[in-house]
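Please open the structure in your viewer and keep a selection tool at hand. The tour below moves from one selection to the next and says what is there.

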Amino acid sequence: MLARVANNLFWMGRYLERTEHIARFINVNYFSSLDAPNEVSQSRQFVLKSILYMVNDTVIDSDDELNEQEVLFDVALNPENEFSILNCFKYARENASSARDLLSMELFRSINELYYYIKNYDVDLFVSKGLDEFTSKITKEVARLRGKIIETLIHDETYAIITLGINLEKATQVIRIINTKYIDAKSSQSEIYDSFNNSYEWTTLLKCIQSFDMMKRFYKKAPVITDTLEFLVLNPSCPRSILSSLDNTEKNIKILSRSKEKDSSLFLISKTRSEYKYMSIDEIEGSFSCFIEDTINKITAISISIEKEFLS
Amino acid sequence: MSAHKKLPIFSSYDKNSTFYDEIFSEKQEVRNIYKTLFNLFSEYKIDDFQQLNEKAKTSFLNQGITFQVYNEKDVQEQVFPFDLFPRIISAKEWSHIETGALQRSKALNLFLTDLYSKKQIIKDGIVPLDMISSSENYLKEMNGLEVPGGIYNHISGTDLIKHSDGEYYVLEDNIRCPSGVSYVISNRDALKRNLFGAFKHYPAYTVDNYAENLLGIMESVKPTGVDNPTCVVITPGIYNSAYYEHSYLAKAMGIELVEGRDLFVENDFVYMKTIYGPKKVDVIYRRIDDEFIDPLQFNPKSVLGVPGLFQAYKKGNVCLVNAPGTGVADDKAIYTFMPKIIKYYLDEDPILNNVHTYHCSDPKEMDYVVNNIDKLVIKPVDESGGYGISIGSKLTKKEIEAVKKVIQAHPRKYIAQPIMSLSTHATYIDETEDFEPRHVDLRTFTLLGQDKEFVLKGGLTRVALKRGNLIVNSSQGGGSKDTWVLKK
């Protein structure tokens, strides 16, 4: 396979995944805040700032007033904004287009259909009452696209590279969402005893990653920070956990290369994966924010290593 | 729903056309071959048909079967307009077209072989030297080069029209990078889905076998010493108007679709950059014009090509499909010599008619042309896509004078032909929500390889969607139709 095309497939996977996480984050945050238990979490300004931070690391001064419709437009449909859902999906499609001779017709067609849905979505409708319809549809359709990737492509290098892109982006977005909600929980904590540990933001966080009900099933209690992070970072059976993404990354890189040289991607991935596999939540308790930053850096390093080894 | 939408289709079709209509005879009766189809269509109401039409259009868009249109703001993707009423070609008529197209392709190949070696046809005075030496498309770099398998025009697109006398005429040969074959295949696919009932009554040949034959042709011209050639398609990239076709062909052949930046040349061999390192490439179906294939040899500003590619080709280490320099044989001035070229190399009479052509470079013919512009079509010899054409009958006196001046200033650049009346075919028109007669032509696709030949049994019927328009190119508002070649 051409290195350029591999690069296209990798980024197609990344942008597809990114689109879905952004859509889901906006949806869950917006709607769960409507009846949030405390005033801060319920505040529109709080939610809008959280959305902007997650989507593009944009930090808004706490005194600045945001216009709801403008923010929603910016993160979803603004063609001028690099990070809008519209542009994320546009990049996914452009990358798919450059590699379309390797994709199944079904997959390319579904990408196209969703692209036209996003591109032609009425902006006024979106900012007034289409938020749920639009973001839910994207979440649903990207899940369908993943299905097409699994069901219609040959499970060879093409599949491996797309899957690498998806898993690294998934890990990146999950850790970013954790980071955002961690900051939200910090800033919304009150004088009430242990409000941080039991924050409502953990519920929102789990819902943002579509893991709320499964987490409750696993721990059989309301989410607190340690259980939430353990589930989302270290649990190998939670399909969206960081460890799970690292497992998939390791599995797929082996389709491309078995080289275990110290400067190879496989070496780096296996090393990182082992570290998370044998880590316990007690070890990181108390230093969550450093841990989150460290995880982001490690995932970035893996991505760079793959790009260097295979995609250029 | 408005009342007129419930009308049966064809209720307002103008059957009294002055042109040859492929559906209705002069007596305004449906021609035999279309009778069954006409009855099937008559069961539809315009409304149902409108729905089918919309469905087909959306399906093309979603499949990404589109071409790019550039405007000031951005790049727009458009569906190549597709008409659901197919064109039918009888087995007898097709056999004539097929043998004729093959004959022309073979003659053109022999002509090119001669032009780039002994030039016997010029020495024998059949084609004037001036036609070649003044042609911008003659590549001196190809002189004396032995091309792999002895083939120059592996892929030929022959454009035909049906004149008012009911006969087919060749309008031009395209042997550089003829495009459109992917639409033949996608049109068929769309028609099968939407009008599956019709295929029971018409035994049409499949068009799905084009890609496998193209790959066979490519493999047949592999460089000497290569057992299993690595073949690729090279495209200018996703923003090229024919990108869909490039990706379709690569996919259908199961070979890589590369861009110039994916290839490099080392020690006169061509390699592609893969995830596992360089891989040697043996045969390249290039969808990049001669000028841009190698910045070291041709246009130095080209970023689409591969530096050193032509040197590798010259050494016989890679085969280019079609060969560089074929453009000298398909320009509109050479076209007029085609009957003589066929006779000279094959000792056969041309099977397909040529349209009579006046050369403005010949003073006598120039004289006739300038005095009869209103009856002629004036064409530049080296433009494609329907650009630069003047149709005499549509010009004002002032415009005629202007055209005169232009051709007198550059006689070699222009030829003139009688205004041929392209046949008309029933075409669904969105604005009027009804079928109307529209002019059509036909492009056939012929493949030549080493000891292999293939003519796709079907073709691209292009439709001029604007009423009265004679130019069918997609860049000028043309659409297309599925074309059925009947087995019997």
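This is a predicted model: local features need pLDDT of at least 70, side-chain atom pairs count only at pLDDT 80 or more; totals for chains, interfaces and linings use all residues.

Begin with chain B and colour it by its domain assignment, which gives domain 1 (18-205 + 330-355 + 420-488), domain 2 (224-317) and domain 3 (356-418). Keep domain 1 and domain 2 of chain B in view: their centres, taken over C-alpha atoms, are separated by 27 Å, and the contact takes 15 residues from domain 1 and 14 residues from domain 2.

Next, select strand E1 (66-70) and helix H6 (181-194) of chain B, which are the elements that give two or more residues to the side of domain 1 that touches domain 2. The largest share of that side, three residues, comes from E1(B). Taken by residue type, this side of domain 1 divides into eight nonpolar, five polar and two charged residues.

Staying in chain B, move to B:Asn322, which sits in the loop between strand E12 (319-321) and helix H10 (332-335); a cis peptide bond, with omega of about -15°, joins B:Val321 to B:Asn322.

Then go to B:Asp347, in the loop between helix H11 (338-346) and strand E13 (353-354) of chain B. Although B:Asp347 is not a glycine, its phi is positive, at about 55°, and the residue counts as exposed, with 7 C-beta neighbours inside 10 Å.

Finally, switch to chain A and select A:Asp57, in the loop between helix H3 (44-56) and helix H4 (68-76). A:Asp57, not a glycine, has a positive phi of about 55°, and is exposed, with 11 other C-beta atoms within 10 Å.

Key
Residues are numbered from 1 along each chain as its sequence is written. Chains are lettered from A and ligands numbered from 1 in the order in which they are written. Helices (H or I, at least four residues) and strands (E, at least two) are DSSP runs, numbered from the N terminus. A residue is buried if 20 or more other C-beta atoms lie within 10 Å of its own, exposed if 12 or fewer, and partly exposed in between; C-beta atoms are placed from the backbone. Domain bounds come from an automatic or database domain assignment. Two residues are in contact if their C-beta atoms, placed from the backbone, lie within 7 Å. Ala, Val, Leu, Ile, Met, Phe, Trp, Tyr, Cys and Pro count as nonpolar, Asp, Glu, Lys and Arg as charged, and the others, Gly among them, as polar.
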